Amino acid sequence: MTETCNQALELKLKRLIIDTLELEDITPADIDPSAPLFGEGLGLDSIDALELGLALQKQYGIKLDSEADETRRHFESLAALQALVEARRVN
């Protein structure tokens, strides 16, 4: 059961990233959970991080401090983001 929940959350987060950032040429299957979201991986930038942070707050009630080093770690990969959501989501 937990595995299914994890897979469902992973897919929801992939779709959240694609929809929020309007990544038209990317499918959920294209996003490797362990690949970096920024730089060489998905190639996101700081504006994308802000938009994604707002989407996470709206969807899951997660508030992040954009200046905190901890926040940077949460955005390192989809897997890190998923761990954050699992640990801190309100709904």
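Leucine 81 touches Leu13, Ile17, Leu37, Leu52, Leu56, His74 and Phe75, leaving aside residues up to four places away in sequence. Here, a contact means heavy atoms within 4.5 Å.

A word on the source. This is a predicted model, where local features need pLDDT of at least 70 and side-chain atom pairs count only at pLDDT 80 or more, while totals for chains, interfaces and linings use all residues. Residues are numbered from 1 along each chain as its sequence is written, and side-chain values use heavy atoms, with hydrogens and water left out.

Back to the core. Leu81 is one of the residues that touch the most other members of the largest nonpolar core, along with Leu13, Ile17, Leu56, Tyr60 and Val85. That core has 20 residues. A nonpolar core is a set of buried Ala, Val, Leu, Ile, Met, Phe, Trp, Tyr and Cys residues joined through side-chain atoms within 4.5 Å. Buried means under 20% relative accessible area, exposed means over 50%, and partly exposed lies in between (1.4 Å probe, protein chains only).

Which helices build this core? Helix H1 (2–20), helix H2 (46–60) and helix H4 (78–88) each supply at least two of its residues. H1 gives the most, with 5 residues.

Now step back to the whole chain. It has 4 helices and 0 strands. Helices (H or I, at least four residues) and strands (E, at least two) are DSSP runs, numbered from the N terminus. The chain's radius of gyration is 12 Å, close to the 12 Å that the globule rule gives for 91 residues, so the chain is as compact as a globular protein of that length. This radius is taken over C-alpha atoms, and the rule is 2.2 Å times the number of residues to the power 0.38. Along its principal axes, the C-alpha trace spans about 35 × 30 × 20 Å.

Buried residues make up 30% of the 91 residues. Contacts reach along the sequence too. Among those between residues at least 6 apart, 57% join residues at least 24 apart.

Glutamate 3 is found in helix H1. Glutamate 3 is exposed, at 52% relative accessible area. Glutamate 22 lies in the loop between H1 and H2. Glutamate 22 is also exposed, with 62% relative accessibility. Its phi is near 50°, a positive value in a residue other than glycine. Most residues other than glycine have a negative phi.
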